[in-house]
Amino acid sequence: MKYTAVTFTSSNMEEWQKDLLIAELANLGFDTFEDQDQGFVAYIPAANLDIQALETALLVEAVGYDISYDVNELENKNWNQVWESNFSPIVVDDQCYVRATFHEDKPEYPYQIIIDPKMSFGTGHHQTTSMMLSFILENDFEGKSVLDMGCGTGILAILASKRGASNILAVDFDPICVESVLENKVLNQVDNIEAKLGSKEAIEGKKFNSILANINRNILMDQFDVYYADLENSGELYISGFYDGEDLDILKNKAEGLGFQFVDKKVLDTWCAAKFIKAN
């Protein structure tokens, strides 16, 4: 299949703004994204590229920062195969081995997660995903009802299931991610994960013992109220997708104003993950 690479460059785009733009590009058919200094590269099957739709998306999403783009046709090759060749297994806390279907089995690890990424987010390689996996390994999920918000491939939901969660709802606004969760739960032989398309409206009125939300600062701020309403008393909230320092301070102030109690944080390469408890 012939692909087109679109390189987006910005000198002042925030990480959360990039995440929102990538989400919109995914809706336009872009299926792979590669970080670069001062921007990123987005890949799309050449036949699916619609410049007018791209320009419209930039007018809507690229507000408050400068951005330019450059379009390049790529040689015809199997890009899925190339992408897979760059996906290597990872180990988290010497307990959890994350691999793809084409990697060697390593049963010596207590937890093994098989992910067929399908060009969606959440292979465990990003610092935020790794820290969230670490939180799940450290905490008790036995018999708990869990929400994985912004689930990507479902990697967090799968580990929560392997850690004894009773039932899990995995929610994402990207249909590719929902499809990926359904396939990955079969690969990992877990049957207690429900995958649902949507955002915070998909969870209103439900109740959970634990919520996992690896998204970004602005979406977390927007959804904190729903998390608080949907968590049982003494329920645990684990969040990531933001930086240590100012981002964490802003999120802590919002959470504590609602009645959450800050418990702990992890920091990896300035990225941050945090744990809160809903006070009784």
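Predicted model: local features only at pLDDT ≥ 70, side-chain atom pairs only at ≥ 80, totals over all residues.

Colleague: How many salt bridges does a search of the whole structure find?

Modeller: The search finds eight salt bridges. One of them joins the side chains of Lys-200 and Asp-222, at 3.2 Å from N to O.

Colleague: Where do Lys-200 and Asp-222 lie?

Modeller: Lys-200 is in the loop between strand S10 (193–197) and strand S11 (208–214), while Asp-222 belongs to helix H7 (residues 217–230), so the pair ties together parts that are 22 residues apart in sequence.

Colleague: And what is the relative accessible area of Lys-200, and of Asp-222?

Modeller: Lys-200 has a relative accessible area of 25% and is partly exposed. Asp-222 is also partly exposed, with a value of 43%.

Colleague: Let us turn to Glu-236 and Lys-275: what do their side chains form?

Modeller: They meet in a salt bridge, with 4.0 Å from N to O. This pair links distant parts of the chain, with Glu-236 in strand S12 (residues 231–243) and Lys-275 in strand S14 (residues 271–278), 39 residues apart.

Colleague: Are Glu-236 and Lys-275 buried or exposed?

Modeller: Both Glu-236 and Lys-275 are buried. They are also linked with Lys-144 in a network of salt bridges.

Colleague: Which residue does Asp-244 meet in a salt bridge?

Modeller: The side chain of Asp-244 meets that of Lys-265, at 2.9 Å from N to O.

Colleague: Changing topic, in what order do the strands of the open sheet run?

Modeller: The sheet has seven strands in the order S10-S9-S8-S11-S12-S14-S13, with mixed pairing.

Colleague: Why is one side of S10 and of S13 left without a neighbour in the sheet?

Modeller: S10 and S13 stand at the edges and each has a single partner strand, so one side of each lacks a neighbour there. Ignoring direction, neighbouring strands of this sheet are turned by 15 degrees against each other on average.

Colleague: In what sense do S11 and S12 pair?

Modeller: S11 and S12 pair in the parallel sense, over six bridges.

Colleague: Which residue of S12 stands opposite Ile-211?

Modeller: Leu-237 in S12 stands opposite Ile-211.

Key. Residues numbered from 1 in each chain as written. Heavy atoms only, no water. Helix = DSSP H or I, 4+ residues; strand = E, 2+ residues; numbered from the N terminus. Buried < 20%, exposed > 50% of the residue type's maximum accessible area, 1.4 Å probe, protein only. Pairing = 2+ DSSP bridges. Axes fitted to C-alpha atoms, helices over the stretch in contact; angles between N-to-C directions.
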